[in-house]
Amino acid sequence: MKSINKMLCLVDGEHYLPVTQEAIETLNNLDHIDIAGAVFIGGTEKLRDDSEESYSEKLGVPVQFAKDKNIPYEIIIEMIRKYDIDTVMDLSDEPILDYPKRFKIACHVLNEGISYEGPDFKFEPVSQYDIMEKPSITILGTGKRIGKTAVSGFVSRLIDKNNYNPCVIAMGRGGPSEPEIVHGEELEISAEFLLEQSEKGVHAASDHWEDALMSRILTIGCRRCGGGMAGEVFLTNMKKGARLANEVDAEFAIFEGSGAAIPPIKTDKKIVLIGANQPLENLTSYFGPYRIGLGDLIILTMCEEPMASDDKIAKIEEFARDLNPDAPIISTVFRPKPLDDISGKNVLFATTAPEEIKEELVKYLEENYGCKIVGTTSHLSNRPLLREDMERYMDKCDVMLSELKAAAVDVATKDAIEAGLEVVYCDNIPIPIDDSYPDLAQEILNLTDSAIENFNNS
């Protein structure tokens with residue numbers, strides 16, 4: 001037997017009232033649907049009687065009108081909460097609602113944890129399975145290649161350093177068929193070790209291996225396939241990974257998203273990463289606002305030219321602040337941090353960072369780590385071009401310094417070792433762009449404490 005679906009209908013004055021009445025009655029006559037209310041979202045100037053009481057009586061359900069010609073997003077949310085709505089059914093149409101307005105409604109509705117649907121569409125909030133038996137957070141992003149793994153590593157090390165005993169559960173498109181534990185706290189994950197794993201068929205540059213190497217904590221690797229517009233995945237074994245996280249010797253769990261896909265596990269708090277390099281439209285429309293609205297802490301990444309101008313960064317911050325006023329917002333850049341000493345050495349640096357900021361990264365490495373960068377490549381994601389770059393610089397360097405991404409193991413590490421070079425991996429550290437922002441480390445620790453408090457009170 002189906003459970004009762006409490007529904008809120010969005011209607012407009014462009015439709016002839018008897019037609020709207022018939023649509024609501026058709027839905028209400030279905031055994032599993034209970035129409036709890038209706039919102040006139042526009043076109044009320046065409047109604048003969050603008051009394052909410054009158055139309056509540058005519059439609060047989062509580063009715064509210066838009067107070068002006070704008071879409072009444074706040075009223076929709078009020079009605080959802082007042083009547084404990086399960087689904088918002090859109091019975092409106094052009095010209096009252098166009099595509100951007102419908103996406104905006106969808107973001108508001110999905111942030112309430114319920115579905116939004118119409119005659120030929122249905123959007124649902126991302127699955128959030130209530131599995132965890134210990135405090136946890138989610139790190140999710142508004143897109144791919146905006147630094148989730150780097151921020152996850154930074155968060156993990158910080159939490160671990162402050163004795164919270166965390167583990168990381170990551171899902172990736174190259175993850176294992178069964179959740180895989182990597183004891184980063186026990187293993188000496190050297191270049192030779194990762195190359196050996198790669199030659200065994202392991203995706204040694206997968207996110208959970210990178211997390212284990214960079215953070216030196218226990219990680220659990222999962223896989224996923226597909227990513228919906230709102231972040232749902234088609235296939236993942238992360239539920240198994242979450243249950244495994246409950247069993248391991250860790251007191252706090254960090255779930256790491258993949259691309260714009262959101263981990264399907266209910267956690268106590270969420271960190272949302274916004275890539276300042278992304279098209280502004282992707283952040284302020286479609287399902288960008290949905291993701292931003294989920295955040296308890298918002299971190300902007302890649303906040304520098306040519307990826308983002310000062311004006312663009314300011315616009316993103318303003319949008320995020322208006323949408324999610326309770327979440328601290330910190331704009332950052334990434335800077336490389338070698339995991340071993342490279343001082344006094346000639347270095348070939350392999351990165352996924354764009355060519356345009358290469359000089360800035362070279363300057364940072366030379367000034368902070370006392371090395372000489374004799375060559376760079378931005379082609380870790382392009383094996384043929386990576387090999388060409390390596391061949392160009394190989395005989396001039398002592399060390400291959402590489403991010404653990406894409407072809408970092410099966411090409412960069414393999415070829416460098418064969419050429420007799422030392423291989424050193426590097427992390428990317430998020431650094432606030434100036435002193436006007438809250439302290440990033442302290443905000444992360446505050447969020448961790450808040451997650452623990454939330455878990456203990458639930």
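Author: Two strands pair if DSSP finds at least two bridges between them. Helices (H or I, at least four residues) and strands (E, at least two) are themselves DSSP runs, numbered from the N terminus. This is a predicted model, in which local features need pLDDT of at least 70 and side-chain atom pairs count only at pLDDT 80 or more, while totals for chains, interfaces and linings use all residues. Residues are numbered from 1 along each chain as its sequence is written, and side-chain values use heavy atoms, with hydrogens and water left out.

Reader: What is the bridge partner of A38 in β3?

Author: The open sheet of 6 strands runs in the order β3-β2-β1-β4-β5-β6, with mixed pairing. Its edge strands, β3 (63-65) and β6 (121-123), each pair on one side only. Strand β2 (residues 33-40) runs parallel to β3 and is joined to it by 3 bridges. In β3, the partner of A38 is V63.

Reader: What angle does the direction of helix α1 make with that of β2?

Author: Helix α1 (residues 17-28) packs on the sheet and touches β1 (5-11), β2 and β4 (87-90), where contact means heavy atoms within 4.5 Å. Axes are lines fitted to C-alpha atoms, for helices over the stretch in contact, and angles run from 0 to 180 degrees between N-to-C directions. Between α1 and β2 the angle is about 155°.

Reader: Which residue in the loop between α9 and α10 pairs with F103 across 184 residues of sequence?

Author: Rings of Phe, Tyr and Trp (its six-membered ring) pair if their centres lie within 6.5 Å; planes under 30 degrees apart count as stacked, over 60 as edge-to-face and the rest as tilted. Of the 11 aromatic pairs in the structure, F103 and Y286 form one that is edge-to-face, at 5.5 Å centre to centre and 80° between the planes. F103 also has a ring centre 5.4 Å from that of another residue, with the planes at 85°, so that pair is edge-to-face. F103 lies in helix α4, and its partner 184 residues away is F287.

Reader: Is F287 buried or exposed?

Author: Buried means under 20% relative accessible area, exposed over 50%, partly exposed in between (1.4 Å probe, protein chains only). Y286 has 36% and is partly exposed. F287 has 2% relative accessibility, so this residue counts as buried.

Reader: Which residue in β12 is the bridge partner of I169?

Author: Strand β7 (residues 136-141) runs parallel to β12 and is joined to it by 4 bridges, with I137 partnered by I254. Strand β8 (residues 166-172) pairs with β12 in the parallel sense over 5 bridges. The partner of I169 is F255.

Reader: How do α5 and α15 lie to each other?

Author: In helix α5 (residues 148-161), F154, V155, L158 and I159 meet L440, A441, I444, L445 and T448 of α15 (residues 440-457). The axes come within 10 Å and cross at roughly 70°. Angles under 35 degrees count as roughly parallel, over 145 as roughly antiparallel, 65 to 115 as roughly perpendicular and the rest as oblique. The two helices are therefore roughly perpendicular.
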